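I have opened my notebook for a new protein today. Here is what I am looking at, and below it is what I looked up.

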Amino acid sequence: MAANVFFWNLSSSRRVPFDRRLRRLLKESGYASFLRPGDLVALKVHFGEKGSSGYIGPRLLKPVVDFFRKTGVKPFLTDTNTLYVGQRGETVSHALQAAEHGFDPLLLKAPVVIADGLKSNHEVSVIGPGRHFEHCYLAGDILDADSLINISHVTGHELTGYAGALKNLGMGCATRKGKMHQHCGLGPGLDQARCLGCGDCIEVCGGGALWLDVEGKINIDRESCTGCAACLLACRQAALQVDFKVEIPVFLERMVEYAGAVLSAFTRPVLHLNYLLHITPGCDCSGGNNGPVCPDLGVLASLDPLALDQASHDLVNQAPGQTSVLPAGWQPGEDKFAALHPSIEAQYCFEYAWKLGLGSREYRLVLV
Ligand code: SF4
Ligand code: SF4
C-alpha cells in the first residue's frame with residue numbers, strides 16, 4: 001500500500017517564509033497527535049564534520065524545535081560518535097564541534113546530547129530483525145527518549161550510494177560497536193607499519209585480543225575480538241583502522257537491519273524528515289565542501305522511512321542535474337547517485353528494507 005509522503009516543494013513556494021512552510025509540513029504530518037506534554041523527544045540530526053558546510057544547520061532546524069515545543073514536549077538534538085577518528089569520534093570533541101557549527105542550546109531551546117556516551121559505551125542491545133545480527137547495539141539516550149524524530153540531509157554517499165532516512169537510523173543511531181559490526185563484521189584492520197608499539201590499544205581492549213610481537217608491532221586474535229571499536233579511538237597513529245572491505249550488498253543489508261532495530265525499539269511511530277537542500281555527492285562526514293548535484297528541492301516528511309527515501313531518491317533523479325558536479329558523461333534522466341557511485345546499487349538497500357517490512361516503496365506525494 002502506498003504511504004503518504006508530505007512534500008514542501010520549494011519551487012512552488014519561493015515567497016513563503018521557510019519557518020511557516022515547515023510548520024505546515026509538520027502539521028500535515030499529524031505527528032503531534034502521538035506526543036504527550038513533557039515527553040523527551042530526540043531529534044536525530046548530524047552536526048557536520050569539521051570543515052563541512054553541507055549539513056542541516058541550526059537555522060533550518062529551529063522551526064522544527066519551535067513547532068514541537070509548542071505541543072509541550074522537550075526536544076533535544078542528538079547524534080552518535082563516529083567510528084572513524086575525526087572531530088566527532090568522542091563526545092567532548094563532538095559536542096564542541098556542534099557548538100562551533102552554531103548549535104546553541106539557548107538559541108535553539110534544545111540542548112545537544114551525544115547519545116552514546118563519552119566514548120560510545122552507553123548502549124542498549126536490541127534484537128536484530130534480520131539474518132546478520134542476533135543483537136544490534138544502539139545509542140542509549142536515543143532509545144531512552146519517549147519519541148524519535150529522524151532528520152536527514154539527503155546526499156550521495158561513498159559506501160551507500162544514496163544517504164537519507166534509513167542510513168540516519170541504521171548507522172546514525174548505532175554505537176561505535178554497532179557501526180563496526182555493520183562496516184567490517186568483527187575487528188579492525190591493522191597497519192603494522194604505523195604502529196609505534198605504545199600499547200595504548202591493548203589497555204582498552206576488553207577482549208584481550210591485541211598483543212605486540214617481538215618487533216613491537218600490533219597483532220590481533222580475531223576469535224577474541226568482540227568488535228567493540230575501543231582500540232580505534234585509542235590509537236593515535238591510525239595503525240588500527242576501519243576495515244571497509246566488506247561487500248557492499250552485505251554492508252547495506254546490515255545497515256538496514258540496524259534501521260529496523262531502531263524502529264522496533266519505539267512503541268510509537270517515528271517521524272522522518274528528509275531535507276532535499278544542497279544535495280552533495282558525498283555525506284556530511286566529509287570535511288570538504290562540494291557543490292550540489294541538483295537545485296534545492298524542499299523538505300519531505302513521512303511516518304514511513306522507506307517511502308520517504310524512495311520519494312527523495314526519485315525527486316533528485318527527476319530534477320535537472322548540475323553537470324559541473326556530476327561526472328563527465330552523465331546524461332539528463334540518468335540516475336545521479338549511480339553516476340556518482342557506480343559500484344553501488346543504492347536501491348538494493350530499499351529492496352532489502354521492503355523485504356524486512358520497514359515500509360513501502362510505493363508512495364503518494366502530498367503537496368503542502
Ligand atoms: S595504540 Fe596504535 S601505535 Fe600504540 S600499540 Fe596500539 S596500534 Fe600500535
Ligand atoms: S575492537 Fe575491541 S575487542 Fe576488538 S581488538 Fe579492538 S578493542 Fe579489542
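I noted the ground rules next. This is a predicted model, where local features need pLDDT of at least 70 and side-chain atom pairs count only at pLDDT 80 or more, while totals for chains, interfaces and linings use all residues. Residues are numbered from 1 along each chain as its sequence is written, and chains are lettered from A and ligands numbered from 1 in the order in which they are written.

Then I looked up the secondary structure: I found 13 helices and 16 strands. These are DSSP runs, numbered from the N terminus (helices: H or I, at least four residues; strands: E, at least two).

My next entry is on domains, whose bounds come from an automatic or database domain assignment. Domain 1 covers 3-182 + 246-367, and domain 2 covers 186-241. Nine residues from domain 1 and five residues from domain 2 make the contact (C-beta atoms, placed from the backbone, within 7 Å).

Last, I checked ligand 1. Around ligand 1 I found 13 residues, and Cys195, Cys198, Cys201, Cys235 and Ala239 come nearest (near: the C-beta atom, placed from the backbone, lies within 6 Å).

Note on methods: Contact = placed C-beta atoms within 7 Å.
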